[in-house]
Amino acid sequence: AGYWNMAGGALLDCLELLETLTGGRMTFWQEPKVRNILMFPVRAALEGGWFVNFADCDARPLLSGERLQLAGERLGDAALVGLGVRERGTLSAQLDDVPHFGRLLRMLFHPTAGSADFVPRGDVWLPDLQLRVVRRGAWTLCAKGGHNGESHNHNDVGSLMLYADAEPALVDAGNMVYTGKTFSSERYTLWNVRSAYHNVPLVGGEEQRAGTQYAARDVRCLPDGLSLDIAGAYPAGAGVCSLARGMRLTPEGLTLTDHALLSREAPMTWVFMLRQPPRPVPGGLVSGRVRMAWPAPLRYAAEEIPVTDSRMARNFPGSLWRVCLTSAPALEHQAIFTFGRADSDA
């Protein structure tokens, strides 16, 4: 969603020009592909002003509200209009991302219309991206399959995010200020794009690798979540025969189940990126509003990651926390992790 301004929004600019120059003879607002592109921010929008932010995306991207509002008006979609009205802010904020003079003029002469009471839609399944969003009660789960050769890729096949009461609990750190390293051979030395800093396991210390061949398989959209095998995201040397991951969300919270079969004995380390500092409790931890539990015995370690990058700090000021839970070496690993209310006994 963070690239909609210069992707879907730029397409909107061009289609507007075509319609104007042809006197209205060329319009594309009913084309399914055009509609899907322009509607993507609605599908990626979460409660509380957050957005699904896999890969190089900000959790709170600077979206052009005027362009979203116009797209909704062209498509006749009230939700897209409402999202656009909600996102219309000060001129400077709106132009920070795409400082085009044409966009400034459109903002000045396109009046705000409609209600800003945007409510994110229900469950979402985008099969090409293998992107899943599930909402149950106060909980929202975002999960993905896909592959590690996507545009602006992070090594995150099988990763997930969890929101409780419209606030992030399990997070994707998202994007940082671009530098020469970002799109060089050193890209995967940046911590925020490595799988070791996403909500996926390490196998024998091995991280996922970059490339289209490192992909999920057997991906299934479930009524309450997602299931997939993420073994293919790891290098052959890691010896991962299968790594079945299942995510199910209920009004009581999330259940995450992993079952791994290895070709040789090795430990597994489950990584969880938390927004709030973790506090160990018997059988698990408490982080903000969420209580997390896991099977014994797993070795617990936690580290604070101060957010020093200015772009990331717009979304997550202060710090993030990385929790690692490590098992003993084995040929087979099975673990069930539950996330519920911090004040619940579940």
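Analyst: Helix α1 (residues 8-21) and helix α2 (residues 32-44) have axes that come within 9 Å and cross at roughly 130°. Helices here are DSSP runs of H or I, at least four residues, and strands are runs of E, at least two, numbered from the N terminus; axes are lines fitted to C-alpha atoms, for helices over the stretch in contact, with angles from 0 to 180 degrees between N-to-C directions. This is a predicted model, in which local features need pLDDT of at least 70 and side-chain atom pairs count only at pLDDT 80 or more, while totals for chains, interfaces and linings use all residues. Residues are numbered from 1 along each chain as its sequence is written, and side-chain values use heavy atoms, leaving out hydrogens and water.

Given that angle, α1 and α2 are oblique to each other (under 35 degrees is roughly parallel, over 145 roughly antiparallel, 65 to 115 roughly perpendicular, and the rest oblique). The crossing of α1 past α2 is left-handed, that is, the near helix is turned anticlockwise from the far one by less than a right angle.

As for who meets whom, α1 brings Gly-8, Leu-11, Leu-12 and Leu-15, and α2 answers with Val-34, Ile-37 and Leu-38; contact means heavy atoms within 4.5 Å. The residues of this contact divide into 6 nonpolar, 1 polar and no charged, where Ala, Val, Leu, Ile, Met, Phe, Trp, Tyr, Cys and Pro count as nonpolar, Asp, Glu, Lys and Arg as charged, and the others, Gly among them, as polar.
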